[in-house]
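I opened the model to look up a few sites. My notes follow.

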Amino acid sequence: MDICIMILSCQNISKAFIENKVLENVSFHIEDYEKAAIVGINGAGKTTLLRILVGETEPDGGCVTLSKNRSLGYLAQDGAVNTANTIYEELLSVKQHLIDLERRIRECEKDMPSKQGAELEALMGQYARLTQAFEADGGYACKSEITGVLKGLGFAPEEFHKPVAALSGGQKTRVALSKLLLKKPDLIILDEPTNHLDMNSITWLETYLMNYRGAVIVVSHDRYFLNRIATKVIEIDQTKATTFMGNYADYAVKKERLRQAAMHAYLNQQREIRHQEAVIEKLRSFNREKFVRRAQSREKLLEKTEILEKPTEVRTDMHIRLVPGKKSGNDVLILEDLGKSFGDSLLFEHVNLEIRRGEHVAIIGDNGTGKTTLLKILNGLLPADQGSFRLGTNVEIGYYDQEHHVLHAEKTLFEEISDENPTLSNTEIRNLLAAFLFTGDDVFKRIEDLSGGERGRVSLAKLMLGNANFLILDEPTNHLDIVSKEILEDALNRYEGTVLYVSHDRYFINKTAGRILELKAKQFVNYIGNYDYYLEKQDAASTTDAAGIQASAFDTAMPVSASGTAASDGRLDWKAKKEEQARIRKRENDLKKCEERITALEERNAEIDMLMAAPSVATQAARLQEFATEQAAIGTELERLYEQWAVLAE
């Protein structure tokens with residue numbers, strides 16, 4: 001039976017800023033190997049709680065206890081790094097103790113030929129201890145581990161020696177995350193770790209954290225990420241904390257059941273209170289002593305009743321209703337031989353695709369591949385270098401820009417809406433902004449003073465007024481909390497027009513997309529389905545020539561005869577499946593051989609340690625030198641094998 005060991009205890013934490021109470025009597029604990037997610041709306045106090053856990057902020061009440069001899073690592077949203085180093089040097093600094101150990105080992109080897117007798121014996125003992133410590137702490141795999149983490153988090157080998165000072169803020173945060181993972185603390189605390197990662201890097205991080213031999217606390221709005229890694233969800237809601245076991249999907253189901261039960265109990269109590277008040281009033285109206293006494297008795301009972309608080313409603317105060325002003329033609333967008341480069345950097349070329357009315361299409365791909373560039377070309381903000389595109393009959397575009405260039409920084413929220421919609425009354429504008437959570441004097445804030453999430457809501461408000469029938473959205477869920485994302489998902493799923501968007505939010509894609517275009521190898525690969533379908537099919541698709549696949553909804557949607565294209569596709573699927581199975585068998589065989597060789601070398605290394613410690617060998621300088629040379633060769637080969645194993649296992 002596994003024994004659960006508590007690594008962190010959080011007891012009755014309370015925190016307020018002036019009169020704004022953020023946390024009140026928050027209690028939970030984290031056990032060894034547990035992966036916990038902290039969720040809540042923007043402003044609920046999640047980041048404040050993390051800062052209290054790591055000691056950056058003092059609570060007003062309560063205490064945080066980290067178990068004795070346990071280490072903690074924290075990644076803030078703007079992780080700090082040493083800008084004087086290169087990327088590789090910055091990560092290597094985490095392993096400085098191993099670098100020092102290796103230097104001392106080399107010094108021992110250098111001194112061995114000049115020592116004899118007791119001095120040599122003492123030196124050999126020191127050498128054995130150093131090599132044992134070096135191996136036990138993963139010294140031979142150190143450099144391959146650094147390389148693996150950097151590649152996993154999206155750094156190409158040619159970037160390893162790039163100065164940290166030359167990196168963007170997001171890249172610096174990725175370096176800070178890499179350092180934290182290499183330190184391997186007993187408890188990792190991460191604040192929005194996926195913000196600056198592409199999909200491949202997020203998938204790598206998910207796998208790393210799921211297999212991490214330590215505990216993890218993470219704050220994230222990435223529901224797909226939380227679904228994969230979380231074993232416990234801690235919800236911060238109205239200053240209180242509630243713990244749910246399971247991943248995000250489990251939490252969502254349990255939360256809704258609890259909310260419904262609490263609402264049912266609240267409504268029942270309210271009905272009972274109204275009933276009792278009506279009975280009391282009726283008894284008093286009888287104007288008889290015994291009835292008055294009964295009324296007083298009921299009043300006393302009612303006063304002693306513990307009144308239930310009204311549960312938090314599913315957020316209905318933010319309303320998004322997207323309605324096309326008119327119906328477009330069946331062909332909404334046609335791209336013909338489209339291409340775009342920036343200098344010597346080719347983003348995509350010879351792109352041919354069609355989008356039909358009513359389709360919801362998501363564009364995915366690595367950072368920097370040209371996804372946003374394509375949207376800007378379609379909106380006339382950038383020219384194409386080759387080819388052309390055309391819009392169908394009656395197509396009207398509504399554009400949501402992740403940088404919110406459609407907004408005017410110098411205007412107030414009220415002016416931003418009223419200037420482009422002069423027919424709206426003041427009341428109508430205020431009601432619209434209130435639907436997007438801007439009330440009172442908020443409407444007179446300047447656009448330049450808004451947060452990223454607030455600007456996003458203003459852009460969505462403008463989009464709603466546009467009555468467009470073709471929405472082009474660039475990262476529409478950025479800076480939105482989970483509840484706001486769900487409201488946007490519902491609005492898009494009810495929308496009868498056509499949608500084309502870029503997003504890294506896999507959960508959002510899964511809920512809203514009926515088709516996915518992956519920008520890969522300078523072409524768009526087409527998948528008819530949501531993100532789960534894409535995951536099922538991408539391995540098979542990767543065995544074909546991705547560069548030769550053109551994304552055409554028209555071709556994919558056309559019916560095919562059993563003897564024609566469908567049969568060809570069946571043969572291709574069968575062939576791809578066989579090739580994939582052969583590749584897997586080869587990888588498993590190579591992995592087994594690699595593990596066997598590593599085991600043999602490690603056993604020989606241990607055997608040499610025993611031989612060198614034997615009194616009969618300790619006085620034979622030549623013999624000791626042979627053993628030392630053999631161990632050095634073993635170390636070199638082991639380092640290569642460890643890196644090979646990491647690649648095969650991944």
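I take helices (H or I, at least four residues) and strands (E, at least two) as DSSP runs, numbered from the N terminus. The model is predicted.

Entry one, Asp401. I placed Asp401 in the loop between strand E14 (397-400) and helix H12 (413-418). Is Asp401 buried or exposed? I read a relative accessible area of 2% for Asp401. The cut-off for buried is under 20%, so Asp401 counts as buried. I then looked up contacts, leaving out residues up to four places away in sequence: Asp401 touches Val406 and Asp474. I also checked Asp401 against Thr372. The two are 29 residues apart in sequence, and their C-alpha atoms lie 9.0 Å apart in space.

Entry two, the core. I found 110 residues in the largest nonpolar core. Leu181, Leu209, Leu471 and Ile509 have the most contacts inside it. I followed up Leu471. Beyond four places in sequence, Leu471 touches residues including Leu322, Gly398, Tyr495 and Val499.

How many of the 8 residues of H1 are buried? I count 6 in H1 (residues 46-53), so the helix is largely enclosed by the rest of the structure. The buried residues are Lys46, Thr48, Leu49, Leu50, Ile52 and Leu53. After H1 comes Gly55, with a positive phi near 85°.

I looked for sulfur pairs within 2.5 Å. The count came to 0 disulfides. Cys108 is buried, at 4% relative accessible area. Cys142 also counts as buried, at 6%.

Note on methods: Residues are numbered from 1 along each chain as its sequence is written. This is a predicted model: local features need pLDDT of at least 70, side-chain atom pairs count only at pLDDT 80 or more; totals for chains, interfaces and linings use all residues. Side-chain values use heavy atoms; hydrogens and water are left out. Buried means under 20% relative accessible area, exposed over 50%, partly exposed in between (1.4 Å probe, protein chains only). Contact means heavy atoms within 4.5 Å. A nonpolar core is a set of buried Ala, Val, Leu, Ile, Met, Phe, Trp, Tyr and Cys residues joined through side-chain atoms within 4.5 Å.
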